[in-house]
Amino acid sequence: MARVESAVRNIIELNKAFNSHDHEKMLGLFSEDIRFEDVLADFGGVTYRGSNKVAQYFKDRFQQYPGIYLEQEELFSLGTRCILRWKVSLDIKSPESDSFRGISLFQVRNGSVTEIVSYAR
């Protein structure tokens, strides 16, 4: 049970860092060898490997979309795996902002996020 709670807490902290656009805090939650598949990439996607590359990806997105916000709709865990259903608004300050929904699959080991694979529509 402690592993499940720890994994969920880790993802909640990651979402808080995302919404405050704190890529440095996110970096601290990633494992050195994290693997991240970009949900915003064209079909075929782009995979980033390594904590610095993934943190840089998020820093770039926060600059590109200064009002981006992730609403956590549902989060649950199966051991060290977490599943998050979310809605992203590209500009939280604008009611007409583009938004999209998706899910992210996370792997958490030893208190660090080792994998993020996201799907969106």
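How far apart are F58 and F62 in helix α3 in terms of helical turns? Being four residues apart in that helix, F58 and F62 are separated by about one helical turn.

## About the model

This is a predicted model, in which local features need pLDDT of at least 70 and side-chain atom pairs count only at pLDDT 80 or more, while totals for chains, interfaces and linings use all residues. Residues are numbered from 1 along each chain as its sequence is written, and side-chain values use heavy atoms, with hydrogens and water left out. Helices (DSSP runs of H or I, at least four residues) and strands (runs of E, at least two) are numbered from the N terminus.

## Aromatic rings

Let's stay with the rings. A pair of aromatic rings is described by the distance of the centres and the angle of the planes. Here, rings of Phe, Tyr and Trp (its six-membered ring) pair if their centres lie within 6.5 Å; planes under 30 degrees apart count as stacked, over 60 as edge-to-face and the rest as tilted. A search of the whole structure finds 10 aromatic pairs. One of them joins Y57 and F58, edge-to-face because the planes stand at 85°, with the ring centres 5.1 Å apart. F58 also pairs with F62: these centres are 6.2 Å apart and the planes lie at 35°, so this pair is tilted.

Buried means under 20% relative accessible area, exposed over 50%, and partly exposed in between (1.4 Å probe, protein chains only). Y57 is buried at 5% relative accessibility, F58 is buried at 8%, and F62 is buried at 7%.

## The cavity

Rolling a probe the size of a water molecule over the atoms shows where empty space is left. A cavity is a set of points, on a 1 Å grid over the protein atoms alone, where a 1.4 Å probe fits but cannot get out; lining residues have an atom within 4 Å of a point. Grid points are joined across faces, edges and corners, and a volume is the space filled by probe spheres set on the points.

The structure holds one cavity of 30 Å³ or more, and the largest cavity has a volume of about 260 Å³. Its lining has 19 residues, with F18, F36, F58, L70 and S118 nearest the centre. The elements giving two or more residues to that lining are α1 (2-19), α3 (51-64), β4 (81-89), β5 (99-109) and β6 (112-120). By class, the lining has 15 nonpolar, three polar and one charged residues, where Ala, Val, Leu, Ile, Met, Phe, Trp, Tyr, Cys and Pro count as nonpolar, Asp, Glu, Lys and Arg as charged, and the others, Gly among them, as polar.

## Strands around β1

Two strands pair if DSSP finds at least two bridges between them. Strand β1 (residues 30-37) runs parallel to β6, joined by four bridges, and R35 stands opposite E115 in β6. Three bridges join β1 to strand β2 (residues 47-49), and these run antiparallel; E37 stands opposite T47 in β2.

## Two residues of β4

Strand β4 contains both S89 and I83. S89 is buried, with a relative accessible area of 15%, whereas I83 is partly exposed at 24%.

Contact means heavy atoms within 4.5 Å. Leaving aside neighbours within four places in sequence, S89 contacts G67, I68, Y69, S97, D98 and S99. With residues up to four places away not counted, I83 touches E74, L75, F76, L78, S104 and L105. I83 and S6 are 77 residues apart in sequence and 14 Å apart in space, C-alpha to C-alpha.

Definitions and conventions: On a 1 Å grid over the protein atoms alone, a cavity is a set of points where a 1.4 Å probe fits but cannot get out, and a pocket is an open set with protein on both sides within 12 Å along at least five of seven lines; lining residues have an atom within 4 Å of a point.
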